[in-house]
Amino acid sequence: MFIIGVTGPSGAGKGTFSGILVQEYGFEHIDTDQIAKETVPEVLDQLVAYFGPQILTPEKQLDRKSLAKEAFSTPQHTQALNRITHPAILNKIQSRLEQAKEDKKVGVVIDGAALIEANVLAWCHTSVAVIAERSTRLQRIINRDQISIENAEIRLNGQKPDEYYIDKTAFTIYNNKKEELEKQTQTLMRQLGFQKISKGV
């Protein structure tokens with residue numbers, strides 16, 4: 001089972017790239033953002049202790065937008081979020097990898113912005129950085145998360161530069177336009193020895 005680690009800054013299109021591998025190459029997708037959402041209730045007390053009660057709704061549930069605003073306001077806050085959430089997230093990733101192996105999947109794509117920091121790339125056979133222009137990423141984040149341009153800017157400013165991801169991965173995919181992404185993905189998968197799966201009639 002071939003494992004590809006996909007990382008890059010928020011809004012670059014890691015999930016879109018991963019979706020192509022699922023739909024066209026039969027890969028299993030492990031979305032660490034989704035796993036993080038499932039994990040947060042397990043570490044909510046630790047998050048409140050560090051970031052403060054402003055990350056909670058009046059009903060004492062997590063306010064995800066408030067947490068994101070706090071967590072991405074500085075690199076130190078982002079590191080704290082990772083430190084609190086990563087152990088539980090890593091356990092879930094391991095479990096899903098084992099399940100994919102049992103299911104005899106041809107491959108697994110693990111995507112997440114913090115795969116480098118969490119050392120997940122060490123589990124992968126190869127790695128890909130998905131990169132896009134800042135203005136493109138900004139608009140994608142605003143549309144995806146329904147947040148203001150100010151909050152989207154805070155999120156982008158708290159992230160590492162493109163070179164950080166490019167230097168620490170084996171391949172780079174530029175995802176500013178759909179056609180660009182699809183062409184580069186096909187080239188990469190051929191290089192890795194994978195053919196598109198036949199969809200049948």
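Which residues does threonine 39 touch, not counting residues up to four places away in sequence? Threonine 39 touches Thr85, Ala88, Ile89 and Lys92, where contact means heavy atoms within 4.5 Å. This is a predicted model, in which local features need pLDDT of at least 70 and side-chain atom pairs count only at pLDDT 80 or more, while totals for chains, interfaces and linings use all residues. Residues are numbered from 1 along each chain as its sequence is written, and side-chain values use heavy atoms, with hydrogens and water left out.

- Threonine 39 is found in helix 2; helices (H or I, at least four residues) and strands (E, at least two) are DSSP runs, numbered from the N terminus.
- With a relative accessible area of 0%, threonine 39 is buried; the cut-offs are under 20% relative accessible area for buried, over 50% for exposed and in between for partly exposed (1.4 Å probe, protein chains only).
- The axes of helix 2 (residues 32-39) and helix 5 (residues 75-102) cross at roughly 120 degrees and come within 9 Å; axes are lines fitted to C-alpha atoms, for helices over the stretch in contact, and angles run from 0 to 180 degrees between N-to-C directions.
- Helix 2 and helix 5 are therefore oblique to each other, given that angles under 35 degrees count as roughly parallel, over 145 as roughly antiparallel, 65 to 115 as roughly perpendicular and the rest as oblique.
- The crossing of helix 2 and helix 5 is right-handed; a crossing has this hand if the near helix is turned clockwise from the far one by less than a right angle, and is left-handed if anticlockwise.
- On the helix 2 side, Thr32, Ile35, Ala36, Glu38 and Thr39 meet Thr85, Ala88, Ile89, Lys92, Ile93 and Arg96 of helix 5.
- By class, this contact of helix 2 with helix 5 has five nonpolar, three polar and three charged residues (Ala, Val, Leu, Ile, Met, Phe, Trp, Tyr, Cys and Pro count as nonpolar, Asp, Glu, Lys and Arg as charged, and the others, Gly among them, as polar).
- Glutamate 102 is also found in helix 5 and is exposed, with a relative accessible area of 60%.
- The C-alpha atoms of glutamate 102 and glutamate 163 are separated by 36 Å, the two residues being 61 residues apart along the chain.

- The axes of helix 1 and helix 9 come within 11 Å and cross at roughly 60 degrees, which makes helix 1 oblique to helix 9.
- Helix 1 passes helix 9 in a right-handed crossing.
- In this pair, Thr16, Phe17, Ile20, Leu21 and Tyr25 of helix 1 meet Leu181, Glu182, Thr185, Gln186, Leu188 and Met189 of helix 9, a contact of seven nonpolar, three polar and one charged residues.
- For helix 6 and helix 7, the axes come within 9 Å and cross at roughly 125 degrees, which makes helix 6 oblique to helix 7.
- The crossing of helix 6 and helix 7 is right-handed.
- Residues in the contact include Arg134, Arg137 and Asp145 of helix 6 and Glu153 and Arg155 of helix 7; by class, the contact of helix 6 with helix 7 divides into six nonpolar, one polar and six charged residues.

**Aromatic pairs**

- The count comes to four aromatic pairs, a pair being rings of Phe, Tyr and Trp (its six-membered ring) with centres within 6.5 Å; planes under 30 degrees apart count as stacked, over 60 as edge-to-face and the rest as tilted.
- Phenylalanine 27 and phenylalanine 194 form an edge-to-face pair, at 5.2 Å centre to centre and 70 degrees between the planes.
- Phenylalanine 27 lies in the loop between helix 1 (14-25) and strand 2 (28-31) and phenylalanine 194 in the segment after helix 9 (178-191), so the pair ties together parts that are 167 residues apart in sequence.
- Both phenylalanine 27 and phenylalanine 194 are buried, and ring pairs link Phe2, Phe27 and Phe194 into a cluster.

- Threonine 126, in strand 4 (residues 126-131), counts as buried at 10% relative accessibility.
- Leaving aside neighbours within four places in sequence, threonine 126 is in contact with Phe2, Ile3, Ile4, Gly5, Ala170, Phe171 and Leu192.
- Asparagine 119, in the loop between strand 3 (107-111) and strand 4, has a positive phi near 65 degrees and is exposed, with a relative accessible area of 51%.
- Glutamine 146, in the loop between helix 6 (134-145) and helix 7 (149-157), has a positive phi near 55 degrees and counts as exposed at 58% relative accessibility.
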